[in-house]
2 protein chains.
Amino acid sequence: MKAVSEHETVSEHVAAFRRFNRYFTRRIGALDDHYLGQNRPLGEARLLFEIGDGASLRELRARLGLDAGYLSRMAKALEAQGMVRLSVHPDDNRLRRIELTPAGRVEVKEQNRRADALVASLLDGLTPAQRARLTEAMSTTERLLRLAAITVEHVDGASPDARATLAAYAAELDERFPEGFDAADLVRPEEVSGDSGAFFVAYEAERPVGCGGLRRLGPGVGEIKHVWVDPDARRLGLARRILTALEREAIERGFDVVRLDTHAVLTEAQTMYRAAGYTEIPAYAEHVYAGHWFEKRLRGAR
Amino acid sequence: MKAVSEHETVSEHVAAFRRFNRYFTRRIGALDDHYLGQNRPLGEARLLFEIGDGASLRELRARLGLDAGYLSRMAKALEAQGMVRLSVHPDDNRLRRIELTPAGRVEVKEQNRRADALVASLLDGLTPAQRARLTEAMSTTERLLRLAAITVEHVDGASPDARATLAAYAAELDERFPEGFDAADLVRPEEVSGDSGAFFVAYEAERPVGCGGLRRLGPGVGEIKHVWVDPDARRLGLARRILTALEREAIERGFDVVRLDTHAVLTEAQTMYRAAGYTEIPAYAEHVYAGHWFEKRLRGAR
DNA sequence: GGGGTCCTTTGACTAAAGTCAAAGGAATAT
DNA sequence: ATATTCCTTTGACTTTAGTCAAAGGACCCC
């Protein structure tokens, strides 16, 4: 009974999603592409648009998912038209840097103007209140879609992605803590690997955008460390998902309770932990940066 | 001051719209297209999908915006693959009817299954509450975008579109009124044309999806007649827009007040009129179908 | 300083997408 | 009944988009 109704709701959401997708890509997406290109193949228009304030071909290849040969030729064509300038990349002679010429900049501006005008004319039919509701609904849709597309994966604590996210985490704390933060105070990779613990990295389209670690604190007790989300991926509910992954891992490892500490200035984090069922407890260890300690019981109700 | 802040908000909405558009078409739309086609050029896949329970080539040409020659060839290719059957259209020997064969039906079903699975796997990352919020936000977005894309145009009361919408209106009333509705009781075209009145038709992508008329009732008094919205376009706020257009017209024609009557069973309409500033008044004329009478003062406050 | 890796260019193709115009049969308007 | 309009087919193209592999110069790691 339960299963049936659950299934029905999921397929309802799937149907709604597909209906929206069809409507949006047919009516709006198509419009945009069509008007954007105007006198130019879409591929070139997109490339031109994506260059921004200069980029390497390698970057563009990754961002637009293009074949190397194909991109090389398009770049050459745009250069011949006087839209871009190609040069060897200052940092690495293998790479080529591509930049807009003044003429290219004019064309991009013109593309933007046209697209803006198109959207403005569309919004024209709505009242200000409706426009506000539309913007709100779009941003909710986008946030949830992004969240859905992010995966949280178990990785080795010493892997490059783990180290990269921890470095970003440390850099941010160093900014935010009045006393600064020393990267030497991060957990050691072996504390969150193998039998000792676990480390998770969140990926959005292959890019690491968040992390969190779990280590053993004592018998039946785990500690959650370094839960962090990239500024670009905040307000999506990602920290909550990382936390859920860590708790699931803790349960599998037989911990009955998990603890964590947090700095006094990280008020959003404290709010999040409370909402996730954590309760504040007295200090369970001395940490240089800690100001608040929390705990959550994972099994054996209360 | 006012104008500046107004302008700023509009451009904010434009920016938000474009950001959403970019995100959605790049990430989601692309996914969909890529997985849909699988072993088949996208054009063919789209065509196959669009056939549904059979259609004429002409219809498909309009819906997909294809060149006649291109479509003809694709149809022939699909026929050679045993996916569709082509035949002369029963109603008009110039047209060709295209239908799916059993094999074609299987493939469309398979396309659908794949797309559903893709979406389901995407939604998998969300909690049920988040899924519900996503569906809600998408449907709001879609409703408002549809509303924004609809235009309300002044047409002659005797034009084919005016007659078509009025016929649909009459047919619906005939269903809904316990006593039925006789199309002979509609306004005559000349009452809502030229100096006597005005008629508006709402178009969504060239298709008439709503209407409303205004006629002169007496000195300074106009009457709003036959405001109707196609079932496919309801719950978008379209009736309200038609009403606004009629009131603007009434003001231009120098009417101080507009009246209207409505049948007792049309409770949604009554709610809408009240929300739009209409107040119920005693019967101002005898009408066979009327059960409630409303009025709105357009100028000379109270 | 030598092998492996990385990035780009070039040649050589292929497939898909789309355009244009001529032509012929079928409806429609007058 | 005749001119006009419609819808589709066909031939003859062009442009985009994309793929694959070979090759060469630059970097990186011992």
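Start by selecting DNA strand C: 20 residues surround it, the closest being A:R58, A:R73, A:R96, B:Y70 and B:N93 (a residue counts as near if one of its heavy atoms lies within 4 Å). This is a predicted model, in which local features need pLDDT of at least 70 and side-chain atom pairs pLDDT 80 or more, while totals for chains, interfaces and linings use all residues. Residues are numbered from 1 along each chain as its sequence is written, chains are lettered from A in the order written, and side-chain values use heavy atoms, with hydrogens and water left out.

Of its atoms within 4 Å of the protein, 66% belong to sugar or phosphate and the rest to bases.

An N or O atom of A:R73 is 2.7 Å from a base oxygen of DNA strand C.

Move to the two domains of chain A, domain 1 (2-148) and domain 2 (150-297), with bounds from an automatic or database domain assignment. Their centres, taken over C-alpha atoms, are 34 Å apart. The contact (heavy atoms within 4.5 Å) takes four residues from domain 1 and nine residues from domain 2.

Finally, select A:R146 and A:E204. They form a salt bridge, with the closest N and O atoms 2.9 Å apart (a side-chain nitrogen of Lys or Arg within 4 Å of a carboxyl oxygen of Asp or Glu). The count between the two domains is one salt bridge.

Methods. Polar contact = N/O pair within 3.5 Å; in protein donor to acceptor, adjacent residues only side chain to side chain.
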